[in-house]
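Let's take a walk through this structure together, starting with its aromatic rings and moving on to the sheet.

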Amino acid sequence: MLPEPAPQLCQALAADLRSAGYASAALRDAWGAQADDALARGLRGPAAQALEGRDDALAVLGRLWGLGMPVPRASVDAALPTLTVTGAVDLGLIATVGADVAPAVLVRPQAFADDAGEVEWWIASDLDEAALQGPLPEDHVLGVGGASQTLARLQLTRRGGNALDLGTGCGIQALRLRRLVDRVVATDISERALRFTRLNALLNGVDGIETRHGSLFEPVAGETFDRVASNPPFVITPRVEGVPAYEYRDGGLEGDALVAAVIEGVGAQLAPGGVAQSLGNWEYHGEESGLDRVRGWVGPSLDAWVIEREVLDPLAYAELWVRDGGTVPGTPAYARLIEAWLDDFARRGVTGVGFGYVLLRKPLAGAPTLSRYERVAGGGEGGFGPHLASCLAAHDRAALLDDVDLADSVLRVAPDVTEARHHRPGEGDPSVIELRQGGGFARTLEVDPALAALVGACDGDLPVGTLIDAIAQLMEVDAAHLRADLLPRVRELLVTGFVSFED
Ligand SMILES: C[S@@+](CC[C@H](N)C(=O)[O-])C[C@H]1O[C@@H](n2cnc3c(N)ncnc32)[C@H](O)[C@@H]1O
């Protein structure tokens, strides 16, 4: 078990990491961009090779805690003058083995930027498959992986009083939430994970994070929060002998029941106006779509925006997660695990598994106004948080307007929107017109000439109703009819960020 982190030792470690220049960009420079990308895929050889022959503190710490490799004790003595090797042993971060020091955990730099500025943290987590050179133990505490980063990039940037991070793991979401709120409660069923969270908070000098042990909402029963973030253990796992149940990705329930429990239960923990954001997997059963299944979990009292990014068939899903656990394709163990997954899916009639993002909000007052369940595959690497926030704000404003008020509103086309017209060879009129969004979820929307003309004319000058009337005149169609046709679609353009209110 990881020892309880001592604050003075964490401060000493921070001082040594800082003076070694142990930061994401410095490591990337040290081992090169290609090796850095390979490391993100779990391959550490190229990075190790690039550091060969170097004995400076950055290279020593990079080998030890970036790659999870043993290094000579004398080099660690030199790289940790404040903490010392003894201090690192007391923190549970290394073990001494003869003349060498072996890593007991990884401590990786983590850089990101948000509204409040740029941050560089050090995040301790368990040794990964590359460092262990084999499958992970079931109580593995995950570092900052792809899903963690996805959830972090989705977070709305608005501030609040308090937040809950359900299933905190190494504490990365809690640390990020703490930048937006005064107090964060971070929960987990793993005591080991909570120790990592406390260690990471101390190491990075972040206060205001309280850790609590327990399953789902048990540790916060009766409390409400302005923000909830959860990257829950959403991986659907067969409940049979011989299939490992990794705490970090598997909540121990059958099928998608854990994600259902998070979505069904979170409304009771939200303060009025509070927002919960989570990732999830949901099953498809026969004709029932996964998104409809999620709709059933959400119920009628919350605003909901659920985005499905992809759907995998049972075999692709099984292969993804069997490989993720470190079991090598082509081995008997691999074939046995795949069979267990496929049996479980077949027995329960599962025909596919959706992966996506869930945003739920408790209305400040009255009934919910937002109910979007959609499949959106696109979107770049940037943060979706500001985009989601402005789309939600536009939705909220439009929801208060009837069509007459909406027609009186002045709108502006978003700066990242472009138009593509496709013509049959030799024909003057386009057969397809598309509006394309450069940022956000990079949506493409097929529009008719009237809507294309309206969007093109939304330059923040004339009210949308006046523009529609002018377009009706040009196209020689009935203006009232055109308003009735276009205004609902203008609402859709507002909530998807193609246009915005001018003031
Ligand atoms: C995928 S990890 C997420 C870690 C971290 N929040 C992140 O975003 O990287 C899921 C975490 O949920 C925890 N967990 C598993 N079952 C849980 C439960 N029933 N209640 C609360 N946490 C649970 C696991 O121990 C693990 O730390």
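Rings of Phe, Tyr and Trp (its six-membered ring) count as a pair if their centres lie within 6.5 Å; planes under 30 degrees apart are called stacked, and those over 60 edge-to-face. With that in mind, and remembering that this is a predicted model, look for Phe234, Tyr317, Trp321, Phe345, Phe355 and Tyr357, which form one aromatic cluster.

Across the whole structure, a search finds eight aromatic pairs. One of them links phenylalanine 234 with tryptophan 321: the ring centres are 6.3 Å apart and the planes stand at 80°, so this pair is edge-to-face. Because phenylalanine 234 lies in the loop between β9 and α12 while tryptophan 321 belongs to helix α14 (residues 314-324), the pair ties together parts that are 87 residues apart in sequence. Phenylalanine 234 is buried, with a relative accessible area of 7%, and tryptophan 321 is buried as well, at 13%.

Now turn to phenylalanine 384 and phenylalanine 441, an aromatic pair that is stacked, with 4.5 Å from centre to centre and 25° between the planes.

The charged end of arginine 176 sits over the ring of phenylalanine 112, 3.7 Å from the ring centre. Likewise, arginine 397 places its charged end over the ring of phenylalanine 501, 4.1 Å from the centre of that ring.

Next comes the sheet. Eight strands make up an open sheet with mixed pairing, in the order β8-β7-β6-β9-β10-β12-β11-β13. Strands β8 (209-213) and β13 (371-375) stand at the edges with a single partner strand each, so one side of each has no neighbour in the sheet. From one strand to the next, the twist averages 20°.

Zoom in on strands β10 (residues 270-285) and β12 (residues 350-361): they run antiparallel and are joined by eleven bridges. Alanine 276, for example, has leucine 360 in β12 as its bridge partner. Finally, find helix α12 (residues 257-266), which lies across β6 (162-166), β9 (225-230), β10 and β12 and runs at about 155° to β10.

Technical notes
Residues are numbered from 1 along each chain as its sequence is written. This is a predicted model: local features need pLDDT of at least 70, side-chain atom pairs count only at pLDDT 80 or more; totals for chains, interfaces and linings use all residues. Side-chain values use heavy atoms; hydrogens and water are left out. Two strands pair if DSSP finds at least two bridges between them. Helices (H or I, at least four residues) and strands (E, at least two) are DSSP runs, numbered from the N terminus. Axes are lines fitted to C-alpha atoms, for helices over the stretch in contact, and angles run from 0 to 180 degrees between N-to-C directions. Contact means heavy atoms within 4.5 Å. Buried means under 20% relative accessible area, exposed over 50%, partly exposed in between (1.4 Å probe, protein chains only). A charge sits over a ring if NZ of Lys or CZ of Arg is within 6 Å of the ring centre and within 35 degrees of the ring normal.
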